[in-house]
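Thanks for coming. I will go through the helix packing, then the domains, then the ligand shell. Please have the viewer open.

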Amino acid sequence: MSELVFRTVPNISLGAGKIAGLGALAKQYKIQRPFVVTDTGIVDAGLLDVCLDSLREAGLEPELFSDVVADPPAQIVLDAADAARKAGCDGVIGYGGGSSMDVAKLIAVLIRDEQPLSELYGVENITSSRAPLLQIPTTAGTGSEVTAVAIVTTGEFTKAGVVSPVLFADGVILDPELTLGLPALVTAATGIDAMVHAIEAFTSKRLKNALSDMVALKALDLMAKSIHTAVKDGSDLQARSDMLLGAMLAGQAFANAPVAAVHALAYPLGGIYHIPHGLSNSLVLPHVIRFNKPDAKHLYQQLAEVILFDQERSTDAGDVTEQLADYFLNLAKELGLPTTLREMKIKESGLQQLADQSMLQERLLINNPRSVNVTEAKAIYQAAY
Ligand SMILES: NC(=O)c1ccc[n+]([C@@H]2O[C@H](COP(=O)([O-])OP(=O)(O)OC[C@H]3O[C@@H](n4cnc5c(N)ncnc54)[C@H](O)[C@@H]3O)[C@@H](O)[C@H]2O)c1
Ligand SMILES: [Fe+2]
């Protein structure tokens, strides 16, 4: 008998203009004083009014925290939690990209003052309750709105994850209108991040199952068909909607069948060189696919049917895996993203440090279909150089 575990957020809605229903949703979850967590990019993009207006129209008085920065450091989380407690907030709304939503998750726990942040890091270490939590993504990327993970920058080069089912939100609103102004390069990088989530969930060595496979395939089907349009014509609402739904489905997939070596090798690029998360993934993706070929080619072949939907595909699993790797290299080029570590001004002498750091991501490496040692990791970075 096969066994299966699949967990996700219980209340998800998608549609243009759905943000207008945020106030009603907050009331449904008994939030009276919402703490809205966002960053200045969202404020500058003019996205805040629709959020705050909806809350106020429902008779709620939101408290705003807009100091989140990309790859949020632990201190920002602590400052935000202090601000939320001082303002007497009883619910948290993440409004933005992965960074804002990750911070929101942790505040929803810390606001209860039952456990310090330092005790939360790692897998299933949250014993505290949490306040009601709603998530509204404005990028189609991390899928953080439906994952039970929050990533915090803890040192100069290091990030740590908090992983716990407590972090699954109560409700999610996917409103593609919020993503219309997302700049082309951010759309491209965050979109490839989302595609990587679905790919790595589908090829994950642990915990992949019929449901995670199903949502991963649907996610890639939606995103492979819409990513070009979303990048080239950001005002195309259907393409934006498909990317947003695809990124959320990919989030559901990897929340259950966790990501692997692409992310493990991407994290040091973010940690050491501050390369945005999606771009870091895109830089190593084709080379990890080639590395994984001996052990995952039949899975890549199934993915190729969806991703290379409009291409003639080899019937040989190994050859079609190469085609898939080429596709992602070309996709990054077509979308205007750099494709080599050299272009990112990384010195070749820095590859060893990257390889050493990637080995610290054991939480992710154990999910890879092929085991990776430090010499192989360095060879992958060399191929990406
Ligand atoms: N929790 C998870 O499951 C998970 C998964 C992957 C990554 N992450 C984390 O998420 C973070 C990356 O998230 P991200 O890629 O969404 O980027 P981000 O949240 O850092 O945002 C990137 C930039 O885009 C801007 N922006 C966002 N939406 C916009 C819009 N609609 N219009 C204009 N500008 C907009 C933001 O202001 C910001 O400047 C990293 O910290 C990463 O570690 C978390
Ligand atoms: Fe990611």
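A definition before the helix pairs: an axis here is a line fitted to C-alpha atoms, for helices over the stretch in contact, and angles run from 0 to 180 degrees between N-to-C directions. This is a predicted model, where local features need pLDDT of at least 70 and side-chain atom pairs count only at pLDDT 80 or more, while totals for chains, interfaces and linings use all residues. Residues are numbered from 1 along each chain as its sequence is written, and chains are lettered from A and ligands numbered from 1 in the order in which they are written. Helices (H or I, at least four residues) and strands (E, at least two) are DSSP runs, numbered from the N terminus.

Helix 6 covers residues 184–202 and helix 10 covers residues 277–307; their axes come within 10 Å and cross at roughly 25°. That makes helix 6 roughly parallel to helix 10, given that angles under 35 degrees count as roughly parallel, over 145 as roughly antiparallel, 65 to 115 as roughly perpendicular and the rest as oblique. Helix 6 passes helix 10 in a left-handed crossing, meaning that the near helix is turned anticlockwise from the far one by less than a right angle; clockwise would be right-handed. Contact requires C-beta atoms, placed from the backbone, within 7 Å. On helix 6 the contact residues include Ile192, Val196 and Phe202, and on helix 10 they include Leu285, Leu299 and Leu303. The residues of this contact divide into 9 nonpolar, 5 polar and 1 charged. For these classes, Ala, Val, Leu, Ile, Met, Phe, Trp, Tyr, Cys and Pro count as nonpolar, Asp, Glu, Lys and Arg as charged, and the others, Gly among them, as polar.

Next pair. Helix 7 (residues 210–232) and helix 8 (residues 237–256) have axes that come within 7 Å and cross at roughly 150°. Helix 7 is therefore roughly antiparallel to helix 8. The crossing of helix 7 past helix 8 is left-handed. Among the residues making the contact are Val215, Leu222 and Ile227 of helix 7, with Met243, Leu249 and Ala253 of helix 8. By class, the contact of helix 7 with helix 8 has 13 nonpolar, 6 polar and 4 charged residues.

Third pair. The axes of helix 12 (residues 351–358) and helix 14 (residues 374–384) come within 8 Å and cross at roughly 130°, so the two helices are oblique to each other. Their crossing is right-handed.

Now the domains. The protein chain is divided into domain 1 (11–178) and domain 2 (181–384), with bounds from an automatic or database domain assignment. Their C-alpha centres lie 26 Å apart. The contact takes 22 residues from domain 1 and 30 residues from domain 2.

Where does ligand 1 lie? Both domains give residues to the shell around ligand 1, so the ligand lies between them. Of the 30 residues around ligand 1, Gly41, Gly97, Gly98, Ser99 and Thr147 come nearest; near means a C-beta atom, placed from the backbone, within 6 Å. Helix 5 gives the most, with 4 residues. Helix 6 and helix 10, the pair I began with, are among the elements that each supply at least two residues. The shell divides into 10 nonpolar, 17 polar and 3 charged residues.

Methods: Two residues are in contact if their C-beta atoms, placed from the backbone, lie within 7 Å.
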